[in-house]
Amino acid sequence: MSSLAAQAMSTRRLDLLPLHVEHAEAMAAVLSDPALHTFIGGTPHTPQALRSRYQRMTAGSPDPAVSWLNWVIRLRDESCLTGTVQATVSPSGHGPIAEIAWVVGTPWQGRGIAAEAAQGLVAWLSRQPVHTVIAHIHPEHRASAAVATAAGLTPTDEWHEGEIRWHRSLRQ
């Protein structure tokens with residue numbers, strides 16, 4: 001599998017822009033609510049810590065068979081960043097698999113932004129050499145379960161580190 005690169009894409013209301021280190025300051029503000037970490041753990045990053053993290057992320061995976069794909073979510077009408085979506089694409093026995101995740105800042109939650117961004121991401125992945133999309137969701141995180149459902153994923157019986165594995169086949 002050749003390495004994939006994040007490409008800009010648009011949905012009805014959103015622009016998904018490839019992550020750049022320069023997004024760190026704005027994203028530190030977007031992701032500053034400690035409540036965002038209820039299910040994922042940790043605490044909000046400072047702009048400097050997020051800049052360091054984004055430098056590592058944009059440098060890419062040390063494993064050439066794995067692609068780290070990261071986007072910021074820009075709400076066009078408000079011309080502001082609202083969150084992130086990401087996919088880690090890795091080889092598997094059935095073909096490349098993409099593990100996806102999303103986060104939307106508290107002020108923009110409840111507006112369908114995460115669902116629209118995740119749908120756009122899965123649609124983009126379906127045009128790449130990706131066989132399967134998975135997400136891991138805390139069993140009490142109803143909002144993320146709704147996002148996964150909107151993106152066409154369904155829960156499985158598999159658990160990973162206290163979270164339920166959700167799945168969608170892109171190739172039959």
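The lining of the largest pocket is made up of 27 nonpolar, 19 polar and four charged residues. The model is predicted. The largest pocket has a volume of about 1200 Å³, and the second largest pocket holds about 220 Å³ of space.

**Largest pocket**

- The largest pocket is lined by 50 residues, and the closest to its centre are Leu36, Ile40, Ala101, Trp102 and Val103.
- Two or more lining residues come from each of these helices: α2 (47–59), α3 (113–126) and α4 (142–150).
- The strands that give two or more residues to the lining of the largest pocket are β3 (67–75), β4 (80–90), β5 (97–104) and β6 (132–137).
- Which element gives the most to the lining of the largest pocket? That element is β5, with six residues.

**Second largest pocket**

- The lining of the second largest pocket has 17 residues, and those nearest its centre are Leu4, Met57, Thr58, Gly60 and Trp68.
- At least two residues of the lining of the second largest pocket come from α2, and at least two come from β3.
- The largest share of the lining of the second largest pocket is that of β3, with four residues.
- By residue class, the lining of the second largest pocket divides into ten nonpolar, six polar and one charged.

**Elements found in both linings**

- α2 gives two or more residues to the lining of the largest pocket and at least two to the lining of the second largest pocket.
- β3 likewise gives two or more residues to the lining of the largest pocket, and β3 supplies four residues to the lining of the second largest pocket.

Key
Residues numbered from 1 in each chain as written. Predicted model: local features only at pLDDT ≥ 70, side-chain atom pairs only at ≥ 80, totals over all residues. Heavy atoms only, no water. 1 Å grid on protein atoms, 1.4 Å probe; cavity = no way out; pocket = protein on both sides within 12 Å on 5 of 7 lines; lining within 4 Å. Points joined across faces, edges and corners; volume = space filled by probe spheres on them. Nonpolar A, V, L, I, M, F, W, Y, C, P; charged D, E, K, R; others polar.
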